[in-house]
Amino acid sequence: MHTVKIFDLLLGFTKALGFVRPITASHNLRVAYFAHVLASDCNFSKSERVNLLVASILHDVGAIPLKIETQNFIFDRDKKNYCRAGWVFCKSARLNDSICRMVLLRHTPWKDIKIKNNISLGANCIYLSDALENLSKTNKVFISEKNLHTLLDPNKYAPQLILSLKNFLNSFVFSEFNNQLIKDCLKDYYKKTILTEKQLITLCDMFSQVIDSKSQFTATHSHGVSQVSVEILKLTGLADKNDLIKMRIAGLLHDIGKLAVPSKILEKSTLLTDSERVEIERHPEVGADLLADIPQFSCISDWVRSHHERLDGN
């Protein structure tokens, strides 16, 4: 587990968040790309861009516990609430403080930010990138004169970001803009950024909180499953350190497929219909397929796929 690349893991999380709001499945990825380009022009260091990448991918996680799903999700709705909720997720998992601050401030106008540094600039970069991405339609960006004026508002956005945006708009060919281009660009830039064991577990721990927040009945569930599973594996005497790390991660992410299950089913207090039961029983398979796309997670994917299966195969 010492060769998990940060972008591979975050891409998996992005796909999982897309289960909650399918229409905006690529939103976080595209925001991360715009933020990366703008930050590069502002001469952010490599480590600052890594933090910005994480914050960009996770910037909307606070919307999950607020039950803001596809049919009623509006980008400016409850923005303060889900920025705070996202900050709580990141802070409680002990993510880098820079990431936590960027998630918290990512919808705060530049004029309202009291301490102006590269952390607040990163948050503002996400704010501007989010606005730019919201103009995207069918893999193209249409920027009218009115929209351009909004994006160049010095009260909302930092002067250096506005300048970077102008440079970007003058040089980028929007007709060639697509999600594969984004993945290729980000994957290439971050291909040598390998997560440490602590960073890997911290990110998975944070995302387990996002998963469990989908329903009031599962608060801290994944964290508990992870701890108990690791202790049971220890008792077998058959596991090395790497096995224990894998089991810890599998426990944290075992219910990631539940993000694809509508809240009305997860929260239902009466008996499930046959079709609802089929949908919720698919979550191990959905989660396993998602995790299988992350290199080094094949074993974890297998465990997640089988986590509701008995020894007799039922």
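Colleague: Which residues is serine 120 in contact with, leaving aside its neighbours within four places in sequence?

Modeller: In this predicted model, the contacts of serine 120 beyond those neighbours are Trp110, Ile113 and Ile115. To count, heavy atoms must lie within 4.5 Å. Serine 120 itself belongs to helix α6, residues 118-133.

Colleague: Why does serine 120 count as buried?

Modeller: The cut-off for buried is under 20% relative accessible area. Serine 120 has 1% relative accessibility, so it counts as buried.

Colleague: What makes asparagine 43 count as exposed?

Modeller: Exposed requires over 50%. Asparagine 43 has a relative accessibility of 67%, and therefore counts as exposed. Its place is the loop between α2 (27-41) and α3 (46-58). The phi of asparagine 43 is near 65 degrees, which is positive although the residue is not glycine.

Colleague: And why does arginine 94 count as exposed?

Modeller: With 72% relative accessibility set against the cut-off of over 50%, arginine 94 counts as exposed. Arginine 94 also sits in a loop, the one between α4 (79-92) and α5 (97-105). Its phi, about 60 degrees, is positive in a residue other than glycine.

Colleague: How many disulfides does a search of the whole structure find?

Modeller: The search finds 0 disulfides. Cysteine 42 is in none, and the nearest cysteine sulfur, that of cysteine 125, is 6.6 Å away.

Colleague: How do you know that the sulfur of cysteine 125 is too far for a bond?

Modeller: A disulfide needs two cysteine sulfur atoms within 2.5 Å. From the sulfur of cysteine 125, the closest cysteine sulfur is the one in cysteine 42, at 6.6 Å, so the pair is too far apart for a bond.

Colleague: Are cysteine 42 and cysteine 125 buried or exposed?

Modeller: Cysteine 42 has a relative accessible area of 18%, so it is buried, the cut-off being under 20%. Cysteine 125, with 0%, is buried as well.

Colleague: How do you know that the span of helix α12 agrees with its number of residues?

Modeller: The expected span is 1.5 Å times one less than the number of residues. For the 13 residues of α12 (241-253) that should be 18 Å, and the end C-alpha atoms are 19 Å apart, which agrees. At the start of α12, a side-chain oxygen of aspartate 240 comes to within 3.1 Å of the backbone nitrogen of asparagine 242.

Colleague: What do the buried residues of α12 pack against?

Modeller: They pack against α1 (6-20), α10 (197-212), α11 (221-236), α15 (283-292) and α16 (298-305). Among the buried residues of α12 are Leu244, Met247, Ile249 and Leu253.

Colleague: Which residues have the most contacts inside the largest nonpolar core?

Modeller: That core has 85 residues, and those with the most contacts inside it are Leu9, Leu95, Leu186, Phe207, Leu253, Leu291 and Phe297. Helix α1 gives the most to this core, with 9 residues. Leaving aside neighbours within four places in sequence, the contacts of phenylalanine 207 include Phe13, Leu17 and Leu253.

Colleague: How many helices and strands does the protein have, and what part of its residues is buried?

Modeller: There are 16 helices and 2 strands, and 50% of the 314 residues are buried. Of the contacts between residues at least 6 apart in sequence, 71% join residues at least 24 apart. The accessible surface is about 15300 Å², with 53% of it belonging to carbon and sulfur atoms.

How values were computed: Residues numbered from 1 in each chain as written. Predicted model: local features only at pLDDT ≥ 70, side-chain atom pairs only at ≥ 80, totals over all residues. Heavy atoms only, no water. Helix = DSSP H or I, 4+ residues; strand = E, 2+ residues; numbered from the N terminus. Buried < 20%, exposed > 50% of the residue type's maximum accessible area, 1.4 Å probe, protein only. Areas by Shrake-Rupley, 256 points an atom, 1.4 Å probe, with all protein chains shown as cover. Polar contact = N/O pair within 3.5 Å; in protein donor to acceptor, adjacent residues only side chain to side chain. Core = buried A, V, L, I, M, F, W, Y, C linked by side-chain atoms within 4.5 Å.
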